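Please take me through this protein model. I want to know what stands behind each label.

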Amino acid sequence: MLNNFLRTITLSLIVATNKTMNTPPEFSELSPYVDPRDQAQILSRFCTIAAQGALRNALPKDFGGFGDGFAALCQTHRQLGKAGRDPGLLLMVNAHLWGTVFPVLLYGTDTQKQQFLPKLISGDWLGGHAITEPSCGSDVQAMTSHAERTEQGFILTGEKRYITNVPLADWLVVYAKLDGKITAFLVSSQDQGCTFSNVGSLHACRGSVTGSVILADCKIDTDRLLGKAGAGAQMIQKALEYERAFVFAGIAGIMQWQLDEVVRHSRDRRSGGVHLGKHQAISHRIADMKLRLDTIELWLNECARLCDAGQRLTMASAQTKLYAAEAFLQSSLDAVQIMGAAGLEPGNTMAELVQDALAGRLFSGSSEVQKNLIAALLGTGDAYRGGAAAGLS
Ligand SMILES: Cc1cc2nc3c(=O)[nH]c(=O)nc-3n(C[C@H](O)[C@H](O)[C@H](O)COP(=O)(O)OP(=O)(O)OC[C@H]3O[C@@H](n4cnc5c(N)ncnc54)[C@H](O)[C@@H]3O)c2cc1C
């Protein structure tokens, strides 16, 4: 199979870095971006960075991790963003880690951990998670995919859409309702009755793939249940908390490059007899870009601190995702404006980052959903069901 062939070639060409690395790898051999929708290249880039240890931070040594923490994970992702300048590759890594690796670590049986973690952490297997459906996005409870018990296990039926890493993924954590409650299952691309396809691919983050999963009476054994039956909603919440906290760690690396390029351009380009940056309209945009980037870094550090201290992440991760997604879009718009028409030339990364930033406001829960969550955690908004006004009516 193409996937296995590519992995064997890539992994055998690269000598794995030492297993107790303290400094992040350079990822210096990664060329910026990838040819549009070249699946072989997308997978090969993933294997390359996996072989350099990109998937091993904040994971136990027992399964091939570095046994370090989330601050180290942020450093690695930031470096990956700087070197690759590829939001798609970062999305791919994040979907793999928060969608499959961490749920198996947190909720898997000992047998599941032994079976899945070493291969997922080494990059031999690519994972992801399938929550969204054609008629269910922000409203997770509206999902219609369902599971029925059989003597040997379960039969899954339904359709998932916009799933990162499909069709390349080997395994997905698929969420479906069992007895009316959301439940997690480990599903393989090889399972009978399961089809991974390109349907639903998106015009964003082109260094990754996004596709559909059709479950047509897909039969799986009992040992594919992940976590407790009916616990899927909490598992989604936990997975998304991690994803929201750290999905912009790599993008912060790209934003640093974006800022450096804009500063350089503002010095080199001349207008009205002076360098472009001499105009306050330009220099103030650049100052705003710097402030946004550094604010994202502060939020990332705070999320890493909370995770490393074993503290709750719900509020901080929603704030981080909301702030970072909006900041990335605004800074990407500013960068194109400062570059002028050159920023819109075909193949210009700056313009492409705008498109990717639009996706950033949707994946892992939209900006509106983060605001709903923050308000709910404060005890108001849509989730508020009581209080003086309600009592008077
Ligand atoms: C690049 C990319 C990768 C993705 N990868 C995955 C993946 O790996 N796995 C997966 O399961 N899904 C994935 N998704 C899907 C993603 O999770 C959904 O796009 C997201 O949950 C929003 O759902 P939706 O697109 O159906 O929009 P909808 O839920 O239909 O929302 C449409 C608009 O209405 C707003 N809205 C909806 N409900 C409310 C509300 N209650 N209050 C206020 N505003 C609201 C939304 O914010 C949005 O602006 C991915 C999406 C993208 C763009």
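The questions below go from the whole chain to single residues.

Q: What kind of model is this, and how are its residues numbered?
A: This is a predicted model, in which local features need pLDDT of at least 70 and side-chain atom pairs count only at pLDDT 80 or more, while totals for chains, interfaces and linings use all residues. Residues are numbered from 1 along each chain as its sequence is written.

Q: How many helices and strands does the protein have?
A: There are twelve helices and ten strands. Helices are DSSP runs of H or I with at least four residues, strands are runs of E with at least two, and both are numbered from the N terminus.

Q: What share of the residues counts as buried?
A: The share is 48% of the 393 residues. Buried requires 20 or more other C-beta atoms within 10 Å of the residue's own; exposed is 12 or fewer, partly exposed is in between, and C-beta atoms are placed from the backbone.

Q: Which domains is the protein divided into?
A: Domain 1 covers 2-13 + 26-122, domain 2 covers 129-230 and domain 3 covers 248-381. These bounds come from an automatic or database domain assignment.

Q: How many residues of domain 1 and domain 2 are in contact?
A: 23 residues of domain 1 are in contact with 14 residues of domain 2. Contact means that two C-beta atoms, placed from the backbone, lie within 7 Å. On the domain 1 side, helix 4 (87-107) and helix 2 (39-51) each supply at least two residues. Helix 4 gives the largest share, twelve residues.

Q: What makes up the largest nonpolar core?
A: It has 117 residues, and Leu156, Val174 and Phe185 have the most contacts inside it. Such a core is a set of buried Ala, Val, Leu, Ile, Met, Phe, Trp, Tyr and Cys residues joined through C-beta atoms within 7 Å. Helix 4 provides the largest share of this core, 13 residues. Beyond its neighbours within four places in sequence, Phe185 has contacts that include Leu156, Val174 and Ile220.

Q: Why is the ligand placed between two domains, and which ones?
A: Domain 2 and domain 3 both give residues to the shell around the ligand, so the ligand lies between them. The shell holds 23 residues; Ile131, Gly137, Ser138, Ser366 and Glu368 are the closest.

Q: Is Tyr162 buried or exposed?
A: Tyr162 has 21 C-beta neighbours inside 10 Å, so the residue counts as buried. Tyr162 lies in strand 3. Its phi is near 60 degrees, a positive value in a residue other than glycine.

Q: Is Asp217 buried or exposed?
A: With 11 other C-beta atoms within 10 Å, Asp217 is exposed. Asp217 sits in strand 7 (residues 210-221). Phi of Asp217 is near 50 degrees, also positive in a residue other than glycine.

Q: Which peptide bond is cis?
A: The bond from Val166 to Pro167 is cis, with omega near 10 degrees. Pro167 is in the loop between strand 3 and strand 4 (171-178).

Methods. Near = placed C-beta within 6 Å.
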